[in-house]
Amino acid sequence: RQLRSGSRMAERGARAASAVDLESVIGKPVHVVTNDGRNIVGVLKGYDQKTNVILDESHERVFSIDAPVEQVPLGLYIVRGDNIAVIGEIDEEIDAEIDLSTVAAEPLKAIVH
């Protein structure tokens, strides 16, 4: 029982630490990679204790070997915390220099638990 309790506390601590890190990127562009392999880019507007995130001006970057990156507009978008694999801040200068029309890449595979 104590191991389970400690494990839950560690899990909560890890979630709390990640939520604190998100505070510093509110209002900035972020890249969210979901558990099913989607790549969503947008301005982080908010989040909650479950790490559900609200993105504004968002779009999905769809990668393919056979075609350049397609950017699908999503607008205001909510991503559930339990579907997020990674969130990272985007360096706007570097991102602006990338010509996505010349990028072809294999899409990410879904995470298998």
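**Salt bridges and a nonpolar surface patch**

I78 is exposed, at a relative accessible area of 60% (exposed means over 50%, buried under 20%, partly exposed in between, with a 1.4 Å probe and protein chains only). This is a predicted model, in which local features need pLDDT of at least 70, side-chain atom pairs count only at pLDDT 80 or more, and totals for chains, interfaces and linings use all residues. Residues are numbered from 1 along each chain as its sequence is written, and side-chain values use heavy atoms, leaving out hydrogens and water.

**Nonpolar patch**
- I78 sits in strand β4 (residues 70-79); strands are DSSP runs of E with at least two residues, and helices are runs of H or I with at least four, numbered from the N terminus.
- Together with I54 and L76, I78 forms a nonpolar surface patch of about 310 Å² accessible area.
- Patch members have over 30% relative accessible area and no salt bridge, with nonpolar side chains joined within 5 Å and like charges within 9 Å.
- Areas come from the Shrake-Rupley method with a 1.4 Å probe.

**Salt bridges**
- The whole structure holds five salt bridges (a side-chain nitrogen of Lys or Arg within 4 Å of a carboxyl oxygen of Asp or Glu).
- R61 pairs with D95, their closest N and O atoms being 2.9 Å apart.
- R61 is in strand β3 (residues 53-62) and D95 in helix α2 (residues 92-97), so this bridge ties together parts 34 residues apart in sequence.
- R61 is buried at 9%, whereas D95 is partly exposed at 23%.
- D82 bridges to R80, with closest N and O atoms 2.8 Å apart.
- D82 is partly exposed at 49%, and R80 is exposed at 56%.
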